[in-house]
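This briefing is for a reader who is meeting the structure for the first time. Please look over the sequence and the model before going on to the notes.

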Amino acid sequence: MTANGTGNDLAGPLAGLRVLELTGETAQFCGKLMADLGADVIKVEPPGGQETRNIGPFMNDQTHPERSLHFWHYNTSKRGVTLDITTPGGQDVFRKLAATAGLILESYPAGYLPGLGLGYEALSASNPGLIMCSVTPFGQDGPWRDFQTSDLLHLAAGGQMASSGYDPEDVPDAPPIAPGGGNAWHIASHYAYISIMAALYHLDFTGEGQYIDVSVHESCSLTTEGAIAIYLSTGDVVRRHTGRHASPDESPKIQHATNDGGWINTTRSGSNLTTDRIKVLAEWMDTYGLAQDLLDEKYQDPAVVAQSDQHFAAVLRNFFANMPLVEAYEGGQELNFPWGAVRTMGEIMGDPHLDDRDFFVPVEHPELGKEFTYPGPAAIYNGSPWRIYRRAPLIGEHNEEILGGELGLSKTDLEMLKRSGVI
Amino acid sequence: MQTDRDLNSKRRKDRPLQGVRVVDFTWVRAGPWAARWLATLGAEVIKVEWPENLDMLRLNRFTVPPGVEPGPNSTGQFADTNAGKLGITVNVRHPKGLEAIKSLISVSDVVIENFSSRIMQRWGLGYEELRRLRPDVVYVSMAGFGQTGRQHYFGTMGPAAQALSGLTHLSGLPGKPPAGWGWSYLDDTGGMYGAMCALTALRHRNQTGQGQHVDLSQMITGITLTGTSFLDKSVNNRESRREGYPPGNRTVWPGAPVVHNYRGPIAAPHNAYRTLNGGYNDWCVIACLSDEEWANLVDHMGSPAWAKDARFASLSGRLEHQDEMDQGIEEWTSTLGKYDLAEKCQAAGVRAMPVQSSEDRVENDPQLRSRGMFTKVEHAKLGQWKFQSAPFRLDGSPVPVKGPPPMIGEHTANIMIDLLGTEPDDLLKGFNEGVFWPESSEPFDYVQKTLDQPLGQPLDSEATA
């Protein structure tokens, strides 16, 4: 068995769960998390494909709905059907499909599916174990319910931007910065996943499904660590700092330049520096002749250490300015300092530790005759492996397999649906 | 007679994880945040601590309210991160303490910890031993680099994990140091993954009867959140260290080569703008994702002459001339309050939201207020304290805020006697011998009180909560 368990036939932990996914950017990541863990996730797209197929980057920069790397990443292991659920014919097929599902994951505007006669009440009437999870910008009610959003807008309202940015000496008058990568959707998908697993646990003991209302805004607002607790405790609002925690104080800098153009992050340098640890650090720095005064006896007094945060940061800054990144980072780690190199994808790609964990997953794209490397899992499930079962579905790729083979629609039915533009 | 239906309707009032017991060895943020969600969902979470090696969040000096006596039970940050748990103090390095912990594990469903890798093994509590104690145990370990792989012993805290995962590099302005994330994003998110792993393995156990060890890595969690950058490298061989990247709040940086990265070149305007008064958090973001939304914005601004200029008519023109466009927009936004601006923009078909500080979210956000994001619960040291609610509503098994965090060692006597059947005399002996409290100090008053009163009072976790 390989480290992430892909070399054996064990089923994933969510095997046996059928999911209908009607969502784009908002919650497609939640669907991926479930699909790679063994759920049978069927992506229901409008005929012609979903709008997330137009999000870059694209393979070889070809703007094409089957070349979006964004779509590829977020839709691994899923199967795909096309269905126009705004038509009576499409709704009929969708009801049949929903009767076979354990979970419907959707992100239409509040009230949209019930308006089509496809709300939870209607779909669960004959399928009482059904769970439906709606992930929307603000939830199903409240004064902001119908506001239009985006990743940037959520990171503003959720508090991420108020905590991220620059010290004035690095960038004078800097705006709050929204971290990249679409993380408002990740955060919402994580909480959606948690709520779905809770509902499944409830189902396992009661046989009862339920409706779940997830708010992206509340999920983001929950995800700024200490900012809320600091405000509630003292009334202080945190200030933004370069590459470290926003805080009410002028905390010592922890992100330092190395002599090869890199950056190292030392966590908060004062927080783990006891008298013993200073000695360890200083002796190592001294082998480079860069310990400055850190070997001085006075740093064996905890009271002096407690007041020397800024000084330690300055000595470290000078040390790193004379060191290459990897030597600094790995040298520190070997001495048990939890430091991190600021890495880019190129540097991550060759990491042998990740290779040991079989993190780099080859995924076949048979229609292209090619294989590409995808990121693996955050966690190794030793008893029920994570795996990428297949690349993202092509538009309507599994229409026949699912609607015909599994749902039992005849060839004629399928042909009629195709001609009328329903699939 | 009670029918199945009655049973079900009674059951429906319960939290979904009612009946699940979790032994929680976690500390600081990521681990405790994971177990916090298991507690909120209804599990009985028993936090195991030792007063000589305090959870760092019990010491967080920024979150002791003025007028509250500082101490391990007085920090707001610990309170919210550990809401709804029970707490015991046990010295696992003492043979009798280890024995007590083993007997607790034998009646528990989940063991969760976020120590450096293999600490649990060193204590004699590796997965093989856990499984011997409880054959279907779900064991979630949350080490920085995981338990497997040549650098498993490397340590991380949130910021270092973010740096190593590629997340830090995705945030900032071109030509400047990485801005990174202004908090331990991977402690929050690592915590969510800890909960996700436990819940997923519990579901698998329900279906198969099998437990397992889930080996989560905080640092690798971050890499999985940079998937499109990862594929841009592995498919297109394009590095993220390049001119004009990352592009701040914009989709692309003006003047830099236009590249189809995650955000762009899809939208302009797409930025943060100063609002009335120009205070530290007086900012609002505006994003026009189509020409139509841009036209709506121009109308809404009152069609100023500059905005009608042909240079701004198309997306490519707006991307090329972002600096002038943003300047024009900011002249307008500077005259309006951020909430007023966002609400009026939304009404006019323009995507806009205020940049909200912590204070804004607690005091000024009408949506969070309407949805009940903060719930006051009595806390022994902090008084009526606001706790953060779940960002989801389960209509069949609701999960309101469960209760305050445990004071350190608050439930040791109850758990040992009621749950594990320890003889009262043995418990007192353990307190004197450094098993349940350090020999170097007297137990806190509330702990002593549990020993002074008749032992064996039943423990009701919801009532305690």
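Predicted model: local features only at pLDDT ≥ 70, side-chain atom pairs only at ≥ 80, totals over all residues.

The notes start with the interface, turn to chain B as a whole, and then go through aromatic rings, charges over rings and backbone features.

**Interface of chain B and chain A**

- Helix H8 of chain B, residues 185–208, gives the most to the side of chain B that touches chain A, with 18 residues.
- On the chain B side 150 residues take part in the contact, and on the chain A side 159 residues do.
- The size of an interface is often given as the accessible area lost when the parts come together.
- For chain B and chain A this buried area is about 13,700 Å², and 62% of it is on carbon and sulfur atoms.
- Eleven salt bridges are counted between chain B and chain A.
- One of them joins Arg241(B) to Glu347(A), with 2.8 Å between the closest N and O atoms.

**Chain B as a whole**

- Chain B is built with 20 helices and twelve strands.
- The C-alpha trace of chain B spans about 85 × 55 × 50 Å along its principal axes.
- Chain B has 465 residues, and 65% of them count as buried.
- Among contacts in chain B with a separation of 6 or more, 67% are between residues 24 or more positions apart.

**Aromatic rings**

- Over all chains, a search of the whole structure finds 39 aromatic pairs.
- One of these is the pair of Trp284(A) and Trp339(A), which is tilted, with 6.2 Å from centre to centre and 40° between the planes.
- Trp284(A) belongs to helix H11 of chain A (residues 275–286), while Trp339(A) is in the loop between helix H14 (325–334) and strand E11 (340–341) of chain A, so this pair ties together parts that are 55 residues apart in sequence.
- Trp284(A) counts as buried because its relative accessibility is 13%, under the cut-off of 20%.
- Trp339(A) also counts as buried, at 3% relative accessibility.
- Another pair, Tyr288(A) with Phe319(A), is edge-to-face, with 5.6 Å from centre to centre and 75° between the planes.
- Tyr288(A) is in the loop between H11 and helix H12 (302–306) of chain A, and Phe319(A) is in helix H13 of chain A (residues 309–321), so this pair ties together parts that are 31 residues apart in sequence.
- Tyr288(A) is partly exposed, with a relative accessible area of 34%, whereas Phe319(A) is buried, with a relative accessible area of 0%.
- Both pairs belong to one aromatic cluster made up of Trp284(A), Tyr288(A), Phe319(A), Phe320(A), Phe337(A) and Trp339(A).

**Charges over rings**

- In chain B, the charged end of Arg36(B) sits over the ring of Trp37(B), at 4.7 Å from the ring centre.
- The charged end of Arg250(B) sits over the ring of Trp253(B), at 5.0 Å from the ring centre.

**Cis peptide bonds**

- The peptide bond from Tyr245(B) to Pro246(B) is cis, with omega near -5°.
- Pro246(B) is placed in the loop between helix H10 (227–236) and strand E7 (270–274) of chain B.
- The peptide bond joining Ala268(B) and Pro269(B) is also cis, with omega about 0°.
- Pro269(B) is likewise found in the loop between H10 and E7 of chain B.

**Positive phi angles**

- Asp358(A) is not a glycine, yet it has a positive phi of about 50°.
- Asp358(A) lies in the loop between helix H16 (352–356) and strand E12 (360–365) of chain A.
- With a relative accessible area of 25%, Asp358(A) is partly exposed.
- Asn277(B), which is not a glycine either, has a positive phi of about 80°.
- The loop that holds Asn277(B) is the one between E7 and strand E8 (283–287) of chain B.
- Asn277(B) counts as exposed because its relative accessibility is 71%, over the cut-off of 50%.

Methods:
Residues numbered from 1 in each chain as written. Chains lettered and ligands numbered in written order. Heavy atoms only, no water. Helix = DSSP H or I, 4+ residues; strand = E, 2+ residues; numbered from the N terminus. Buried < 20%, exposed > 50% of the residue type's maximum accessible area, 1.4 Å probe, protein only. Phe/Tyr/Trp six-rings, centres within 6.5 Å; stacked < 30°, edge-to-face > 60°. Lys NZ or Arg CZ within 6 Å of the ring centre and 35° of its normal. Contact = heavy atoms within 4.5 Å. Buried area = accessible area lost by both parts, 1.4 Å probe. Salt bridge = Lys/Arg side-chain N within 4 Å of Asp/Glu carboxyl O.
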